[in-house]
Amino acid sequence: MRILIDNKHEADIDLENGQIKAWWEELCSEINKADRFIYSVSIDNQPVYDLFDKHIENNLINIDELNVQTKTKQESAIETTGAISDYLERFIPAITELSDHFYGELTEENWGTFSYFIEGLSWILQSIEFLQVISDEGTSAIHTKTLQELSKIVEELEAGLEDKQFVLVGDLMQYELSPVLESYKEEITKLEM
């Protein structure tokens, strides 16, 4: 198998299934020591964005070329900040629309939309956590503050749902969650400049 890192030929290796985990951990360690992150892995020109070692293990026999794409902390931060900002552009207005349904009769379709909302909120939280980890002290405070505020709101949302206090859930979404996300979006937009 031909190994490339950021499109540069690194090695030709033969691996067996039992060797993949140790080899992958060593490769990840070397990349981390260079203060970089793995962004994607292309297996024979097919990009994979997660569970890299599992994909390699499952396709080991057929792999001719493995190209590991990396990014610096700064590149990762810029990309993640841009992705969050773009996502919040659509997510924040959707909160108001969805929260309005919690003041009346909730339909099965509303609950389906709420499920997507929860997935989106989870992605936002994970992305902010990632930014918090890779950011310097100055910008890390913005992410930490937002995570604390969002964690409190998520707890209150869970309690409201558990107690079937749907008006409270609507209020939390519209009057607490939206402003926190709007403020965060403004803060990270300043960072992009």
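Biologist: How much of the protein chain counts as buried?
Modeller: Of its 193 residues, 39% do. Buried means under 20% relative accessible area, with a 1.4 Å probe and protein chains only. This is a predicted model: local features need pLDDT of at least 70, side-chain atom pairs count only at pLDDT 80 or more, and totals for chains, interfaces and linings use all residues. Residues are numbered from 1 along each chain as its sequence is written, and side-chain values use heavy atoms, leaving out hydrogens and water.

Biologist: What's the order of elements from the N terminus?
Modeller: The protein chain runs β-β-α-β-β-α-β-α-α-α-α. Helices (H or I, at least four residues) and strands (E, at least two) are DSSP runs, numbered from the N terminus.

Biologist: Compact globule or more spread out?
Modeller: More spread out, because the radius of gyration is 21 Å, well over the 16 Å from the globule rule for 193 residues. That radius is taken over C-alpha atoms; the rule is 2.2 Å times the number of residues to the power 0.38.

Biologist: And what box do the C-alpha atoms fill?
Modeller: Roughly 60 × 40 × 25 Å, along the principal axes.

Biologist: Switching to asparagine 67. Where is it found?
Modeller: In strand 5, residues 65-72.

Biologist: Is asparagine 67 buried or exposed?
Modeller: Asparagine 67 is buried, with a relative accessible area of 8%.

Biologist: Which side chains make polar contacts with asparagine 67?
Modeller: Asparagine 7 does at 2.5 Å, and glutamine 69 at 3.0 Å. A polar contact is a pair of N or O atoms within 3.5 Å; within protein, one must be able to donate a hydrogen and the other to accept it, and residues adjacent in sequence count only if both atoms are side-chain atoms.

How values were computed: Buried means under 20% relative accessible area, exposed over 50%, partly exposed in between (1.4 Å probe, protein chains only).
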